[in-house]
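Good morning. Please look at the structure while I speak.

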Amino acid sequence: MEDASGLVAGDRISGLAIEATGLRKTYMLGKVPVEVLRGLNMKVSSGDLVAIAGPSGCGKSTLLNIIGSLDRPSDGRLTIEGVDMSNATRRQVMEMRRRTGFVFQSFNLVPRLSAQENVELGMSICGVARSARRARARELLDYMELGDRLDHRPSELSGGEQQRVAIARALANRPCLLLMDEPTGNLDSRTAQEIMALVRDLNRKERLTTLVVTHDPSIAERADRTFHMVDGIIVKEAMNG
């Protein structure tokens, strides 16, 4: 695999990338309040690869959505890359979304678009010139070892290949933060390990702050640290390796 140096290179700060203090999130189920996050505290250093583990319904995906600026907490404070997201303006929220890459369990590729076009899509939305986004998409897909699959649609790719396209798409706008929600959940065990080896390699070379939500202990152990969640809070933090 060729050197990934310079694939990300987004603007980042040193020190803490993420700090959550007393983070709470409550949804209304009809007239009944359902508290999903219950005063969660966490700190993630810049460049860390962190796993978030725990049983279904413990609040892992809700936490990831809030960190990714797709949702807002009901209470508490969240600081990302030095920006207090708890009191962020709409412009600051939109900028943080642009600087965040997302990867999901179900890949979420556009079926009618080729691999290259899927990677280009986010850049197009951000106004990147066509020639620049084509070159960037090819660069990323070459790194993902998909240089010979540029024109293939998702239905013509294996699950592992689709997830590599999804990761390339997440990196397209040179993010400072990569969020992955069960990225290996739809993959067989061998392919899952290959994907996480790629993520681990990318993290080490680029020092891209990366959070991975997972149910799989073998995936979590590839991270620098694992936060274990139960009932909306982090109950344990473990160093790996």
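The lining of the second largest cavity has five nonpolar, one polar and one charged residues. For these classes, Ala, Val, Leu, Ile, Met, Phe, Trp, Tyr, Cys and Pro count as nonpolar, Asp, Glu, Lys and Arg as charged, and the others, Gly among them, as polar.

Before going on, note that this is a predicted model: local features need pLDDT of at least 70, side-chain atom pairs count only at pLDDT 80 or more, and totals for chains, interfaces and linings use all residues. Residues are numbered from 1 along each chain as its sequence is written, and side-chain values use heavy atoms, with hydrogens and water left out.

Back to that cavity. Its lining residues are Leu 64, Asn 65, Phe 102, Val 103, Phe 104, Leu 179 and Asp 181. Which element supplies the largest share of this lining? Strand 6 does, with three residues. Helix 1 (60-67) and strand 7 (177-181) each supply at least two. Helices (H or I, at least four residues) and strands (E, at least two) are DSSP runs, numbered from the N terminus. The space in the second largest cavity is about 40 Å³.

Now the terms. On a 1 Å grid over the protein atoms alone, a cavity is a set of points where a 1.4 Å probe fits but cannot get out, while a pocket is an open set with protein on both sides within 12 Å along at least five of seven lines; lining residues have an atom within 4 Å of a point. Points are joined across faces, edges and corners, and a volume is the space filled by probe spheres set on them.

How many cavities of 30 Å³ or more does a search of the whole structure find? It finds two. The largest has a volume of about 70 Å³, and residues lining it include Ile 66, Asp 71, Arg 72 and Val 93.

The largest pocket holds about 510 Å³ of space. Of its 20 lining residues, the closest to its centre are Arg 97, Thr 100, Phe 102, Gly 122 and Asn 173. Helix 2 (90-98) gives the largest share of this lining, with five residues.

The second largest pocket has a volume of about 170 Å³. Helix 3 gives the most to its lining, five residues. By class, this lining divides into two nonpolar, three polar and six charged residues.
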